[in-house]
Amino acid sequence: MASSTAQAAPTRYEVENSPAVCSGTIDSNWSGYSGSGFCNGTNATSGYVQFTVNASASGTATLGVRFANGTTTARPANLVVNGSTVQAPSFEGTGAWSTWVTKTLSVSVNAGSNTIRLNPTTAGGLANIDYLDFEVGGTPQPQPPGGIVGWATQAGGTTGGAGGSTVTVSSWADLRTQAQASGARTILVNGMLSGSGTIEVSANKTIRGVGANSGISGTTLNIEDMTPANVIIQNMNIRGVPGNDAIQVESATHVWIDHNTLSSTIENDPDFYDGMMDFTHAADYITVSWNVVRNHWKTSLVGHSDGNAGEDRGHLRITYHHNWFDRTFERSPRVRFGETVHVFNNYYSNVNNNSDSYAIASLMDAGLLVEGNVFENVQQACWSASGYADSDPGRLVARNNSLTNSGPCEINGTVAAIPYGYTADGVGTVKSSVTAGAGAGKL
């Protein structure tokens, strides 16, 4: 295990300023860029961008490439450091040329001057490039669009490991040691770490993946019996765990699950995996934002049983926003007793394995506000008044949702007002913004 303290901020290199080189034109016709312009590279494999950066010491550097791609086709490139190709990142569509996204990459650099070059590998050329953030000896602490929003901001907020030390782990054993240690810390996970069993996450932790391809498999992250827990899980690739939950929050408050890619495989047995993100036993003040959840049956259970009203009622306050649920055949989420669970600006696609498939269920007098979501090819968007399985009906208010080739979002009753400030995007922009911005590697 290596330990380091993150620098205060990365160094920013604007593409329009020498010695940066743009093989194309410096334009300013799309809004949202930094500085005086952005690089609109030639639409050819020759349309490269190159930055010359200075490193105070040799080691691993974190790159933040800010780009916009208004097409629906990804624009791949070779990442060339000091003349050698080290990675092949793809710059996906961002929904509009004025929608800018930062892609985080990790590379090795030498002390002193280094060249960082993006060579497009298709005739479409590069995405538009705004700037490069560069840091050695630490990892920037990025925030997603708009920062933290929702229930995790309430009752003191959720800050994770802020104010503590920063450590980098590259083995499952080190991750478990650091996650279970006392005290505030930010744990940077470098690479895909595989191990079996449960990692007990203690209070005041941020667990954040390095780059786009770091995370864990075979492991349950358990956040339990802490008020507040104050835990952030961010920028991780997380695999479903056969027979267990991937993320389990019980009797714990103040958790933010953000910009992760969570996936398993679709098995004939819906019980092969358990939950991907389950919140039970009066868990509270939680935000689930900008995640991709794919190929999973039992996605996110809120409230574990119909008989637990005494513990759960008045708790289970959770916000789900800007997540992409793709082929998640139930529980996205399924809620008992919680109020108000706020589900807004999510994209649901291909939730249609069979006639029992559904996206959202409000049960056992839960109260859900479902607004500004996009449902495409969803067997049943929402259950509420009808109940579901053996569970009694819940309450659900739906507004401004878009349904295409999907069953209805059933409504029932009224719900309590949302106490925090937020801005729901117009439903017409949700699909593009979520597919461009959700998941690991999109911070």
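Okay, quick definition before anything else: when I say two residues touch, or are in contact, I mean heavy atoms within 4.5 Å. And keep in mind that what's up on the screen is a predicted model.

With that cut-off, take phenylalanine 279. Leaving out residues up to four places away in sequence, Phe279 touches Val249, Ile257, Ile286, Val288, Ser300, Leu301, Val302, Gly303, Leu316, Ile318 and Tyr320. Phe279 is also one of three residues, with Ile223 and Ile360, that touch the most other members of the largest nonpolar core, which has 56 residues. Strand E21, residues 247-258, gives that core its largest share, five residues. There's a second, separate core too, with 29 residues, including Tyr13, Leu79, Val81 and Leu105.

Okay, zooming out. The chain has three helices and 37 strands. How does its radius of gyration sit against a compact globule? For 443 residues you'd expect something near 22 Å, and the chain has 22 Å, so the two agree. The C-alpha trace spans about 65 × 45 × 40 Å along its principal axes, and 56% of the residues count as buried. If you look at contacts with a separation of 6 or more, 72% of them are between residues 24 or more positions apart.

Why does Ile216 count as buried? Because its relative accessible area is 1%, and the cut-off for buried is under 20%. Again skipping residues up to four places away in sequence, Ile216 touches Leu175, Met192, Leu193, Leu221, Met236, Asn237, Ile238 and Arg239.

Ser332 to Pro333 is a cis peptide bond, omega near 0 degrees, and Pro333 lies in the loop between strands E28 and E29. Another cis bond joins Glu339 and Thr340, with omega about -5 degrees; Thr340 is in strand E30.

His322 has a phi of about 55 degrees and lies in the loop between E27 and E28. Asn345, in the loop between E30 and E31, has phi near 55 degrees. Buried or exposed, these two? His322 is buried at 5% relative accessibility, and Asn345 is buried at 0%.

How values were computed
Residues are numbered from 1 along each chain as its sequence is written. This is a predicted model: local features need pLDDT of at least 70, side-chain atom pairs count only at pLDDT 80 or more; totals for chains, interfaces and linings use all residues. Side-chain values use heavy atoms; hydrogens and water are left out. A nonpolar core is a set of buried Ala, Val, Leu, Ile, Met, Phe, Trp, Tyr and Cys residues joined through side-chain atoms within 4.5 Å. Buried means under 20% relative accessible area, exposed over 50%, partly exposed in between (1.4 Å probe, protein chains only). Helices (H or I, at least four residues) and strands (E, at least two) are DSSP runs, numbered from the N terminus. The radius of gyration is taken over C-alpha atoms; the globule rule is 2.2 Å times the number of residues to the power 0.38.
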